[in-house]
Amino acid sequence: MPETETLTLPVLPLTAGVVGPGMVVNVVLETPEARTAVEAATSGDGRLLLVPRLHGSYARVGTVAKVENLGQAPGGMRAAVVRGLERAVIGAGVGGHGDGLWVAIEPVVEGEPSERAAELAAEYKAVIERILVERGAGRMAEGLRGITDPGAVADTALYIPELSFEQKIELLEALDVETRLERVLDWAKEVLADVTVRSEVDRGVAEELSQAQRETVLRRQLEAIKAELGEGDDDVVAGYRQRLEESGAPESVREAVERELEKLERTGPQSPEHGWILAWLDTVLDVPWATRADEPLDLTEARAVLDADHAGLDDVKERIVELLAVRKLRADRGSDATIAGRGSGAILALVGPPGVGKTSLGQSVARAMGRPFARVALGGVRDESEIRGHRRTYVGARAGRFVRALTEAGAMNPVLLLDEIDKVGSDWRGDPSSALLEVLDPAQNHTFRDHYLEVDLDLSDVVFLATANVIETIPQPLLDRMELVHLDGYTDEEKVAIARDHLLPRLVERTGLRADEIEVGDDALAELASGYTREAGVRELERQLGRVLRKVATRVVRGDGDGDGAPFVVDTDAVRPLLGRRRFHSEVAERTSVPGVSTGLAVTGAGGEVLFVEATSMAGEPGLSLTGQLGDVMRESAEIARSFVRSHADDLGIAPDVLADRRFHLHVPAGAVPKDGPSAGVAMVTALVSLLTGRPVRHVVGMTGEVTLQGKVLPIGGVKQKVLAAHRAGITEVVLPARNEPDLDDVPEAVRQDLTIHLASDVREVLAVALEPEASLLAATP
């Protein structure tokens, strides 16, 4: 072995692997000594010594390596790419080189290989190729054939995963090439023997599987032979064929079921497909293909059922009666049934705030039409498969919600309530609203195809009712499929009637009381509706009435009555002792008693609401501050209002010096609630003019409408909900855009009689109605 010079290099310990000459590896620098060694190498010529360390002891031989690159491992730790160069015998440690371990080394230079080494290398290559072939990686042998140096051939054994850490260290420390090859050849032969045994075991398992498959085929043939001889147990298939005959399914469905039955006969009970076929057959045959509910088509009786179940809601009731009238005419005059079914499918969307009775109305419609009722809850549905069903290739697949709803209803012409259709979501699993387009299109739903059934399903005779709180979240194509019917809320008189005729009897039964043990007057119900609730519907009213009845039930159980058997009377005076002080008071007069506060009307998902707009000003840089979590539309309305007031200051009686060097601030209280919408312009203009003129806004006036830079008042939506909200809040005068006059027909007559409606086409007309007259201010000044 030729003599070599002695070098001094930093040491990088290896605790989990061995790097030999010619190998390029990525080393994660987990320890301080590893990072110190790499830093020392990169500050010099880039070389360091890779030394395996086992049980705290270093190997006698290491590998001189060069740092090729530095970077980060996937876990975020620093890492270095190193290339092994040559073996080196480790000498003594050397000091004076800073941190880390430095050692003196003597590189090993291998001489010319002997013939024996070449023979051993060739034999080793042959063994490794057989190992790779057994493992199905024969192409990797091409790289091994390209290595000619016997020492390098031996070092490839460091890649063998079956070799232990100790064996790899032993290979590194073998400086003689022939000795190294002999050792790796012995180890490779052991690995080959192990791989060969494993391959034989795998082939044996495969043969056993083939034998099992052969037995399965023979068993199926035996079952077929027994069936031909009449000796087989075909009760299951016969039972399904009997159900198919009784189902009245269309011909296309019969053909699909027959194909599955033939497949079932060829499938043994031990096969997973056997259970899948049975589940599919049960689902298909549970669908009421030939069952249709008989409709009485009595318009008077239908209207009586609707009136008995719900107070008010005349628009919805009239629309249902119209639907029945059309069906009756078609039936009486012999219209083609198929065309009638496809052309008269009604798809109504009941839109309104919570608690107005949208869901319960669906059950009443079903009763009025004499049809079964089923509810499909769509709130939070994000998977398209919930609508169309899962494909049968998936484990746990099942039919979609409409197939299950028909099965639940037991007829092909039920009333299906699509609840919370405005809360359908979408994600990577699909868009359910797009799947609903086919369901709700009368021109397509007679051939609706569920992915699980894979047969046509006729939904054209189904009456669809959808419910929603708002329509803004419903996609426009889906909204176009439905006829909107707005349920904007109830007046206090309607709430009293609902509580008396519907809520009270149900709650009395629920609390265990008898009808002769309690008497609740209309005055008490009116007090509950006005003083303890502030909502468009009656859900909170039901809860408060339930509290009253539970307290009465407690007194009955305790025996706190008069003892004469008289019912417990709940009147206005009894409400406060039972429920405490009123929760809601009319605060409009208090809030608008100072200039700069106006009363606006808005629509939320919970119905109409009264919103106060507050304005103030201060000395400072001219500008406008907006608070109250206002959306972009309301922010633009505020900017328009400020610009209008500044540009028309003379017309509005505002002194020019009042606007000079002033910063304005508009605030809509309840800052935790986001607000947006195009109907706050007139309220903002009124608040600013009230502030700048010192004229308070009349507390009896509420207003809504959008304003332009020229002062024109633009029409808005939700008129009925806003007017009802004003009525609930005790407001007696409402200012609306003049172009919304036709919408007043939707407001109940009783409410219109209680209110004075002002129609304005210009914001100056709004100011004339809303602001206190100057004469009254002068009269009030001492």
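Salt bridges first, everyone: this structure holds 46 of them. By salt bridge I mean a side-chain nitrogen of Lys or Arg within 4 Å of a carboxyl oxygen of Asp or Glu. Side chains of opposite charge can pair when their charged atoms come close.

A quick word on what we are looking at. This is a predicted model, where local features need pLDDT of at least 70 and side-chain atom pairs count only at pLDDT 80 or more, while totals for chains, interfaces and linings use all residues. Residues are numbered from 1 along each chain as its sequence is written, and side-chain values use heavy atoms, with hydrogens and water left out.

Now, which residue forms a salt bridge with Asp 307? Lys 317 does, with the closest N and O atoms 3.0 Å apart. Asp 307 lies in helix 10 and Lys 317 in helix 11, so this pair ties together parts that are 10 residues apart in sequence. Helices here are DSSP runs of H or I with at least four residues, strands are runs of E with at least two, and both are numbered from the N terminus.

Is Lys 317 buried or exposed? Lys 317 is buried, at a relative accessible area of 2%, whereas Asp 307 is partly exposed at 37%. Buried means under 20% relative accessible area, exposed means over 50%, and partly exposed is in between, using a 1.4 Å probe and protein chains only.

Arg 303 and Glu 318 also meet in a salt bridge, at 3.4 Å from N to O. Here Arg 303 sits in helix 10 (residues 299–309) and Glu 318 in helix 11 (residues 314–332), 15 residues apart. Arg 303 is partly exposed at 23%, and Glu 318 is partly exposed at 38%.

Elsewhere, Arg 514 pairs with Glu 517 at 3.2 Å between the closest N and O atoms, and Glu 517 counts as buried at 18% relative accessibility. There is also a network of salt bridges linking Arg 87, Glu 110, Asp 155 and Arg 180.

Let's finish with strands. Why is strand 17 called largely enclosed by the rest of the structure? Because six of its eight residues, in the run 597–604, are buried. Strand 17 pairs with strand 18 (residues 607–619) in the antiparallel sense over eight bridges; two strands pair if DSSP finds at least two bridges between them. For one example, the bridge partner of Ser 598 is Val 613 in strand 18.
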